[in-house]
Amino acid sequence: LRQAFAAYLGARCCVGLASGLDSLWMAFRLLGIGPGDEVVVCANAYIACVMGITINGASPVFVEPDEYDNIDAAASRPLSPPQQRPFWLFTSLARPAIWMQSARSSANTGFGWWRTVHKATVHCFTGNNPARLGDIGCFSFYPTKGLGAFGDGGCIVTDDEELAGRCRALRNYGSRVKYHNEVVGANSRLDEIQAGLLHVKLGFLEELNQERREIARRYQEGLDTAFLTLPKVRPGVTSTWHQFVIHSPHRDALKAWLAENGIGSEIHYPIPPHLSEAYRYLGYHEGDFPITEKNAREVLSLPMFNGLREDEQAS
């Protein structure tokens with residue numbers, strides 16, 4: 001799988017891991033990000049994205065989402081002094097040109113904070129390869145993903161052989177050679193059953209992605225936008241539609257109505273990380289990120305999975 005997935009992304013190296021969260025905290029560890037560092041992260045991201053930062057002792061710097069429900073890169077640009085690193089969460093392309101221009105500018109002045117991490121949805125856009133927009137790309141193979149396993153799984157991809165080698169050691173109790181432990185590591189190997197399934201599915205990924213795009217198209221053409229706000233896709237971007245997330249000021253009533261009619265739905269996510277019990281110590285309060293908090297009250301994910309039939313959608 002690792003060779004095939006790296007080749008698919010045009011990257012040199014892929015290291016399989018036990019989960020997407022492991023890919024995040026290990027990526028930051030490998031890049032030397034820790035106490036005293038700040039990492040820019042979208043305020044409406046899944047909390048695992050924040051945990052990857054704080055597990056290493058670094059501090060999250062939350063930024064509101066834009067109209068595409070992703071990190072507003074333009075708004076976060078002034079938040080990038082030498083000790084801050086951008087973290088990208090790709091549901092749709094988050095304007096990487098702004099990040100990279102800012103990163104190169106800092107590199108030229110000798111600050112050296114341009115090492116970047118991002119979490120990517122497989123084949124989420126065209127024109128730029130997600131594996132090449134940062135030093136490390138982090139992937140989750142959770143079953144609901146476009147490229148999903150039977151259970152948990154993840155990986156990192158990188159063009160840096162040295163980083164990949166250190167990651168292989170870190171995932172294996174800190175050992176490159178059996179019983180020779182270089183660092184305090186973890187037990188985070190992608191097991192053979194998950195890897196086998198993923199390798200087979202990778203050969204059908206373009207077909208699976210196209211099926212999700214067709215499901216999204218039917219939603220876009222069939223839903224009444226008088227009461228809903230449909231998800232937007234940034235120009236020049238091709239989404240894999242990991243989720244189809246609508247906005248509605250009557251979200252809870254809509255969710256209840258769908259349930260009464262046998263239609264499942266999910267909220268991604270009801271509690272923003274800055275308001276979670278886990279991050280109370282950061283000192284944030286309700287109202288600190290109004291766009292994110294409004295989204296938490298209004299977003300609803302409609303059924304989106306391979307195998308969803310047209311007649312099921314129409315009903």
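This is a predicted model: local features need pLDDT of at least 70, side-chain atom pairs count only at pLDDT 80 or more; totals for chains, interfaces and linings use all residues.
Residues are numbered from 1 along each chain as its sequence is written, and side-chain values use heavy atoms, with hydrogens and water left out.

**Cysteines**

If you go looking for disulfides (cysteine sulfur pairs within 2.5 Å), the whole-structure search comes back with 0. Take Cys-155: the closest cysteine sulfur belongs to Cys-14 and sits 3.9 Å away, which is too far for a bond. For Cys-49 the closest one is in Cys-42, at 9.0 Å, again too far. Cys-155 is buried at 0% relative accessibility, and Cys-49 is buried at 0% as well. Here buried means under 20% relative accessible area, exposed over 50%, and partly exposed in between, using a 1.4 Å probe and protein chains only.

**Aromatic pairs**

The search of the whole structure turns up 9 aromatic pairs. Rings of Phe, Tyr and Trp (its six-membered ring) count as a pair if their centres lie within 6.5 Å; planes under 30 degrees apart are stacked, over 60 edge-to-face, and the rest tilted. Two of the pairs are set out here.

| Pair | Centre to centre | Angle between planes | Geometry |
|---|---|---|---|
| Phe-5 and Phe-141 | 5.6 Å | 75° | edge-to-face |
| Phe-62 and Tyr-284 | 5.4 Å | 75° | edge-to-face |

The Phe-5/Phe-141 pair links distant parts of the chain, 136 residues apart: Phe-5 is in helix α1 (residues 2-9) and Phe-141 in the loop between β6 (136-140) and β7 (154-158). Helices (H or I, at least four residues) and strands (E, at least two) are DSSP runs, numbered from the N terminus.

Phe-62 is in strand β3 (residues 59-63) and Tyr-284 in the loop between α9 (251-260) and α10 (290-298), so their pair ties together parts 222 residues apart in sequence. Phe-62 is buried at 5% relative accessibility, whereas Tyr-284 is partly exposed at 27%.

Which phi does Asp-69 have, positive or negative? Positive, at about 65°, although Asp-69 is not a glycine. Asp-69 lies in the loop between β3 and α4 (73-76) and is partly exposed at 22%. Trp-241 also has a positive phi, of about 55°; this residue lies in the loop between α8 (205-222) and β10 (244-247) and is buried at 9%.
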